[in-house]
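Hi everyone, thanks for coming.

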Amino acid sequence: MIVTIVVFIVVPGIPAALMCGSVFLAARSTSPLVRPGYLLWGAILAAIGYAVMANIASATYEDQHHDDFGSLGTVLLGFLGAGFFLLGLGPFIPWLLRMFERLAVRLPVPFRLAARDTGERPVLTAAAVAMTMMITAVTVAALIVSAARTAMDELEYQPRARPGALVVDEFKNDQAAIVQAAVQREMPTVSIAACSGENNAGYFIPDVTGGLLLDPVHVGDLALLRYLTGDPSAPFREDTAVVVTAEDVAISSVPIVHNLSGDHGDYDAYPRKTIPAVIARPADPQVEAIFIPSKVIQDLGFHLVPRQLIVDPGVHRISPLEQERLEERLGRTATVYVERGFQPATGWQAFVAVMAVLALGSALLATGWTSAESRSTRVLLRVRGGSSAALRWLAACRAGVSTACGTILGAAAGCAIGLLLRWPLTTSADWDPIKRPPFPVPWPVIAALAIGLPLLAAVIAALLTPRRTAET
């Protein structure tokens with residue numbers, strides 16, 4: 001527990017501290033005396049951070065086994081590299097603002113005045129723009145990594161049941177009857193299939209030959225077989241197993257190895273009972289199993305209890321309201337699950353929204369002082385008599401320029417971080433990992449973030465400017 005807490009504090013804490021250092025360096029770099037040295041050290045730190053991330057991406061590019069401890073160390077090192085990369089970008093914020101001020105001489109008057117205003121309070125402006133850059137970089141990196149992780153999760157997704165099926169499981173043996181009665185009360189007219197298991201220390205294992213490995217074993221009645229095959233006319237006999245598979249195999253019998261005592265010993269010495277078997281196609285290609293009638297297992301001396309309660313989607317489709325009512329009725333007694341296919345995570349949407357608000361707030365901080373305090377505003381008030389349109393244009397340009405400097409640089413940095421860190425963050429701990437798919441990059445969302453935030457900041461600043469001016 002302590003190790004977990006330390007990990008959750010250290011992993012995001014160190015990069016966060018480095019990002020705060022980037023804001024500090026951006027503010028310090030506004031001094032002409034230390035400016036050249038900070039730029040040099042910033043370039044060195046950024047190069048070191050990028051080299052670390054590139055090296056980690058290269059080491060985790062191949063689809064191979066990575067143990068949990070090694071993966072954690074790799075991810076932590078990647079986060080440190082990203083922190084140093086962003087730390088090194090801090091001193092370039094004042095340089096970027098000065099470059100825009102020099103290039104603005106060829107732009108329209110509002111842009112020239114806005115560029116001049118950014119130099120009036122260089123420390124505040126540089127710190128606010130650096131904060132905008134940090135937040136934008138983190139957001140863009142999270143978008144890219146989330147898209148890669150979603151693609152990986154979709155590839156690794158294994159359905160627990162047929163699409164639309166309700167599965168109630170993870171309940172104790174002595175609560176099986178209570179759970180079954182509760183499900184039946186909630187859906188009194190629906191046929192419920194029960195997948196059973198042994199209720200003692202013994203076990204039984206179908207020993208299928210021909211190299212066909214099917215798991216799990218389904219023990220039940222006709223309702224369960226119809227659920228597996230999706231065929232109301234599926235062949236059912238109380239003494240015959242059904243191999244439900246999409247493979248082209250020929251199996252006429254299934255030996256069942258059984259051990260009532262539960263003692264572990266010589267597997268070949270355990271008693272076996274061979275029963276006839278037939279082949280049936282599954283309702284879904286991903287649902288494969290061996291179906292054994294309950295009577296066969298009971299005749300071996302096993303006392304069966306329900307382990308899973310299943311509602312066939314061909315019989316009844318569970319609505320979200322029914323699922324919610326059943327969850328309330330069962331509480332923590334059992335787990336209620338409805339197979340709806342792969343559902344991508346949507347938490348990133350709330351994260352992006354929160355980070356966008358923070359980025360917008362930090363950007364507006366650069367122009368948060370009253371318009372009358374800036375030199376350009378005083379000139380406009382004196383020359384044009386406080387024209388509302390002119391003041392709005394000036395405020396919009398000032399806010400838009402400051403925000404654009406942060407979001408564009410942050411989006412570029414976030415792309416570099418996200419494209420490199422998505423490899424260590426999608427490694428597999430399996431000994432036989434699957435091949436990673438081509439990772440999509442949400443370029444439209446990134447472009448909307450980099451372009452939309454400056455426009456939104458400009459609009460907000462323009463709307464707030466007349467009121468501030470009137471109050472002064």
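Let's start with a term: a salt bridge is a side-chain nitrogen of Lys or Arg within 4 Å of a carboxyl oxygen of Asp or Glu. What we have here is a predicted model, where local features need pLDDT of at least 70 and side-chain atom pairs count only at pLDDT 80 or more, while totals for chains, interfaces and linings use all residues. Residues are numbered from 1 along each chain as its sequence is written, and side-chain values use heavy atoms, with hydrogens and water left out.

Okay, so how many salt bridges does the structure hold? Eight. Take D299 and K295: their side chains meet in one, at 3.0 Å from N to O. Both sit in helix α9, residues 294-299, four residues apart, or about one turn of the helix. Helices here are DSSP runs of H or I with at least four residues, strands are runs of E with at least two, and both are numbered from the N terminus. As a general point, an α-helix has 3.6 residues a turn, so residues three or four places apart point the same way.

Now for how open these places are. Buried means under 20% relative accessible area, exposed means over 50%, and partly exposed is in between, using a 1.4 Å probe and protein chains only. D299 is partly exposed at 48%, and K295 is partly exposed too, at 38%. Elsewhere, salt bridges with shared partners join R149, D153 and E156 into one network. Within that, E156 pairs with R149, with the closest N and O atoms 3.5 Å apart. E156 comes out at 33% relative accessible area, so it counts as partly exposed, and R149 is partly exposed at 24%.

Then there's D169 with R160, a salt bridge at 2.7 Å, N to O.

T426 lies in the loop between α13 (388-421) and α14 (443-471), and T426 is buried because its relative accessible area is 1%. Leaving aside residues up to four places away in sequence, T426 touches A148, R149, M152, R436 and F439; a contact means heavy atoms within 4.5 Å.

Next, helix α8, residues 222-229. Its buried residues are L224, L225, Y227, L228 and T229. They pack against several strands, among them β2 (193-198), β5 (241-244) and β9 (304-311). After α8 comes G230, with a positive phi near 65 degrees.

Last, the whole picture. The protein chain has 14 helices and ten strands, and 47% of its 472 residues count as buried. Of the contacts with a separation of 6 or more, 83% are between residues 24 or more positions apart.
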